[in-house]
Amino acid sequence: AVVSTQSGHYGRDPEITTVAVNPGATKTSLGRNMCCLKCLGLVFTPLMKTPERGAESMVYCCTQDMSKHSGAYFSDCKPVDLPEASIDPVIQRKLWEVTVQQCDRLGKYR
């Protein structure tokens with residue numbers, strides 16, 4: 001979410017909108033090979049979203065005009081506030097700089 005927030009402010013192309021999306025606790029097969037997640041899954045599965053429900057916020061953000069929400073964090077198809085540490089401009093800027101450095105090092109950003 002912090003990288004999305006910063007890319008919304010410092011992105012190179014004003015035509016590109018970035019948002020971060022939280023699908024919530026979604027029942028998928030991502031943890032199928034991790035014993036501890038399997039055990040937790042047995043307990044929490046009834047409370048988890050289906051993959052279709054988990055995708056709703058992503059689909060929403062992809063199909064709506066998000067230009068006024070660049071850098072926002074979405075959950076349940078709504079922008080939500082981030083924790084204080086996530087919106088600290090010093091932390092955001094540092095994470096953004098490190099992210100750009102790493103992407104440049106890998107030749108993926110510019």
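How many aromatic pairs does a search of the whole structure find?

Modeller: This is a predicted model. A search of the whole structure finds one aromatic pair. The pair is made by Tyr60 and Phe74, whose ring centres are 6.3 Å apart. Tyr60 belongs to helix 4 (residues 56–63), while Phe74 belongs to strand 2 (residues 72–75), so the pair ties together parts that are 14 residues apart in sequence. The two partners can also be described by their accessibility. Phe74 has a relative accessibility of 1% and counts as buried, because buried means under 20%. Tyr60 has a relative accessible area of 30% and is partly exposed.

Thr26 sits in the loop between strand 1 (19–22) and helix 2. With a relative accessible area of 15%, Thr26 is buried. Leaving aside neighbours within four places in sequence, Thr26 is in contact with Met48, Lys49, Thr50, Pro51 and Gly54. Leu47 lies in the loop between helix 2 (35–44) and helix 3 (51–54). The C-alpha atoms of Leu47 and Thr26 are separated by 8.9 Å, and the two residues are 21 residues apart along the chain. Leu47 is exposed, at 68% relative accessibility, whereas Thr26 is buried.

Terms used
Residues are numbered from 1 along each chain as its sequence is written. This is a predicted model: local features need pLDDT of at least 70, side-chain atom pairs count only at pLDDT 80 or more; totals for chains, interfaces and linings use all residues. Side-chain values use heavy atoms; hydrogens and water are left out. Helices (H or I, at least four residues) and strands (E, at least two) are DSSP runs, numbered from the N terminus. Buried means under 20% relative accessible area, exposed over 50%, partly exposed in between (1.4 Å probe, protein chains only). Rings of Phe, Tyr and Trp (its six-membered ring) pair if their centres lie within 6.5 Å; planes under 30 degrees apart count as stacked, over 60 as edge-to-face and the rest as tilted. Contact means heavy atoms within 4.5 Å.
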